[in-house]
Amino acid sequence: MSEPTTLHVGGASPYDVVIGHGLADRLPGLLGEGVERVALLFAGDLNELARPVLDALVAEYDVLALGLPDGENAKTSSVANDCWEALGEAGFTRSDAVVTFGGGATTDLGGFVAASWLRGVKVVHVPTTVLAMVDAAVGGKTGINTGAGKNLVGAFHEPSGVLCDLALLDGLPVEEVRAGLGEIIKCGFIADPAILTLVENDPAAAQETGSAVLRELVTRAIQVKIDVVVDDLKETGGRDGHPGREVLNYGHTLAHAIERATDYRIRHGEAVAIGCVFVAEVARRSGLIADELADRHARLFGAVGLPVGFDGDWDELLETMKVDKKSRGSQLRLVVLHDLADPRILAGPAEDLLRASYAALSGGA
Ligand SMILES: NC(=O)c1ccc[n+]([C@@H]2O[C@H](COP(=O)([O-])OP(=O)(O)OC[C@H]3O[C@@H](n4cnc5c(N)ncnc54)[C@H](O)[C@@H]3O)[C@@H](O)[C@H]2O)c1
Ligand SMILES: O=C(O)C(=O)C[C@@H](O)[C@H](O)[C@H](O)COP(=O)(O)O
Ligand SMILES: [Zn+2]
């Protein structure tokens, strides 16, 4: 097996993202000195898969293992409250730490618990999906959903380290691999076109968990995310017309509305694919990008089995889109491309433009 790759995330609280195979013994190194107790917050269904991580932790620390509900069901205030109660009963102090083990829903919830417990304790993420490795575990965004929408409560709380153990992906259903490719291809359009070429050249290998192609895609997408968050950790804005961290929200305004409208039955990465095709259509109709670049969106997401259309109720989706965190007052703001890897903010797009763009991908135009 090849050597692990370590990507460094700079900034005020620097940490490493390690990518490789069988990395559980690296956990104490990432947790650092002075930790006595560790809460392992894991996706409950992944009990067996979590065993090596649990064993590595038990060898060094007092461990409180807390199994969480599956997927998006973990991202609720009630699950966060259960975790706070358990940490309180166990007497967790500021020198203790959280380790998360699961997909992006688990790292989001676990990261939020770590951010809020005693106003912030250490957290190390062990992401177990492609999506969580390339996106959710890196960069410090944590959060839960509310009735009004996705990720509306949360905090920025950077991890002390991220372990991307590719061996954990062996049993990951292909639909989940594809969902991860939704965020990876997003990174290709906004910043690293080599990603797009890799997927175009071999879409089958991109979906194979053991392939060198997927490893390169994962590494490249993590690097895109690192480059963005190092410059604008708290999403306060970019420079020279670049949207800053908001760029990572490419396709997400519609995606989050679709997730809520379907009660989270559609995967996040699938919704992102649809959302990116939608904003590409907005950019095409605004005369910002050529047909070839707009069409490349549906072609690429489609090549790895991701959905590129949706036919839910537009008015309902638009209402939810308005609570997107990029909105300012009543004004929607979308990330759009002016060219490949040249993302900008489009503020206050006309509702007619949005409706027509949506109609195009829902088969209505
Ligand atoms: N914080 C961020 O920056 C950020 C970035 C992107 C996405 N997210 C969030 O991440 C979430 C989506 O993450 P996700 O796609 O990983 O979904 P998920 O966490 O819901 O996991 C998807 C499914 O895969 C299963 N699973 C996980 N690992 C497995 C494995 N190794 N083998 C077999 N099954 C496994 C899970 O049990 C679950 O059923 C969304 O809530 C999204 O909002 C956050
Ligand atoms: O890290 C970011 O910043 C992102 O926007 C990455 C997105 O892929 C991710 O889905 C994120 O959780 C969305 O954030 P939100 O602020 O729109 O809730
Ligand atoms: Zn996302």
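Colleague: Which elements of the protein chain have the lowest and the highest mean pLDDT?

Modeller: This is a predicted model, and among the elements of the protein chain the lowest mean pLDDT, 95, belongs to strand β8 (residues 149-156), while the highest, 99, belongs to helix α6 (residues 174-190).

Colleague: And what does the protein chain average?

Modeller: The average pLDDT of the protein chain is 97, with 99% of the residues scoring at least 70, and the model as a whole has an ipTM of 0.99 and a pTM of 0.98.

Colleague: Changing topic, where does UniProt put the "binding site" feature?

Modeller: The UniProt record, which is an unreviewed entry, places that feature at E183, H252 and H268. Although these positions are spread over 86 residues of sequence, they cluster in space, the largest C-alpha distance being 10.1 Å.

Colleague: Take H252 then: buried or exposed?

Modeller: H252 counts as buried because 27 other C-beta atoms lie within 10 Å, where 20 or more is the cut-off. H252 is found in helix α10, which covers residues 252-261, and, leaving aside neighbours within four places in sequence, H252 is in contact with V272 and G275.

Colleague: Which helix does H268 lie in, and what does H268 touch?

Modeller: H268 lies in helix α11, residues 268-285, and, not counting residues up to four places away in sequence, H268 touches G104, L131, A179 and E259.

Colleague: Why does H268 count as buried?

Modeller: H268 counts as buried because it has 25 C-beta neighbours inside 10 Å.

Notes. Residues numbered from 1 in each chain as written. Chains lettered and ligands numbered in written order. Predicted model: local features only at pLDDT ≥ 70, side-chain atom pairs only at ≥ 80, totals over all residues. UniProt positions renumbered as here; feature names shortened; annotations may be inferred. Helix = DSSP H or I, 4+ residues; strand = E, 2+ residues; numbered from the N terminus. Buried ≥ 20, exposed ≤ 12 C-beta atoms within 10 Å, placed from the backbone. Contact = placed C-beta atoms within 7 Å. pLDDT = per-residue confidence, 0-100.
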